[in-house]
Amino acid sequence: MNVDDATFVVHAYGLIQGDEPRPMPDHGIANADIRTIPFHRLEVVVSDLAAASFGEAAWAEHGEDTRWLTPVAAAHHEVLQHLVEHGDVLPLQLPGIYPSDEVLVDALDSSRRDLERAWRFLAGHVEWSLQVFPTSPPPTPEATAPRSGREYLERRRSQQSARDEVRRQRELLVMDTHEALVREATASVVRAPLDSAVTGREEPMLLNSAYLVPRQEEQGFLQVAEEHHHQQVATAGMRLEVTGPWPPYSFVGAADQNGDDLTRTAP
């Protein structure tokens, strides 16, 4: 179906391999059907959406309204998540709205060199995320009541120094875990920790990172994460949480500059 009717827009989710049949999601944003558009040796996964609800004017009006944006972003992600569970995918960013198939393909062609590098870099990979949280505060040694103001101040300084040392040791363990996982991945990124308003947790996030992991190396990556959790992180009063596999959102712009072009047959 090629929709040129101005009452519809074409929403692009991502790119997949064109010569590898795979199951498609049942529906996308607003329960719209999923279809594909050929793009060289790849295909673009798209839905046709009502322009009045999801066109440029709708995005301009509602794009910063979380009540409108959240279900749109969730449906966009669900399509990409389904795709990555059945093969490689190059995610496209929101809003991916175009008036027709032809305009979409022309837009992708204008960025074709970047897409070539990105596809080459991401093929055969998935993203895994890592977050570390404390499970207990740094311990404070018990002591008898101070006998003087001077002793009280010295004890406070000593306790603060002990807490600082615990924090320093935790930071070293967290970075040691991160570096061990970096060695199991093709690429990695450390992002700013999310605050409590986002995580819904009182304890602060100590690490927020993502790793681009070859599919054939996933079990090794997860084993290293589990070993570090049990042998180092948990014993130091922290919890390591690994989630995935996800579409490689964090690495679309990290492509190798020497990627092959889309018309070349993959080795």
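Tutor: Take helix 4, residues 101–110, where the buried residues are D101, L104, V105 and L108. These four lie on the same side of helix 4, because they cover an arc of only 95° around the axis. On the other side of helix 4, D106 and S110 are exposed. The model is a predicted one.

The buried residues of helix 4 pack against several elements. Among them are strand 1 (8–17), strand 2 (35–39) and strand 3 (42–50). Strand 5 (97–98) and helix 5 (112–122) are packing partners too.

In the loop between strand 1 and strand 2 sits A30. A30 is not a glycine, yet its phi is positive, about 55°. A30 is exposed, at a relative accessible area of 54%. The loop between strand 2 and strand 3 holds H40, another non-glycine residue with a positive phi of about 55°. H40 is partly exposed, with a relative accessible area of 39%. Most residues other than glycine have a negative phi, and most peptide bonds are trans.

The loop between strand 4 (90–91) and strand 5 contains P95. The peptide bond from L94 to P95 is cis, with omega near -10°.

As for confidence, the protein chain has a mean pLDDT of 86, and 82% of its residues reach 70 or more. Over residues 257–267, however, the pLDDT is below 50.

Notes
Residues are numbered from 1 along each chain as its sequence is written. This is a predicted model: local features need pLDDT of at least 70, side-chain atom pairs count only at pLDDT 80 or more; totals for chains, interfaces and linings use all residues. Side-chain values use heavy atoms; hydrogens and water are left out. Buried means under 20% relative accessible area, exposed over 50%, partly exposed in between (1.4 Å probe, protein chains only). Helices (H or I, at least four residues) and strands (E, at least two) are DSSP runs, numbered from the N terminus. The arc is that of the directions from the helix axis to the C-beta atoms. Contact means heavy atoms within 4.5 Å. pLDDT is the predictor's confidence in each residue, from 0 to 100.
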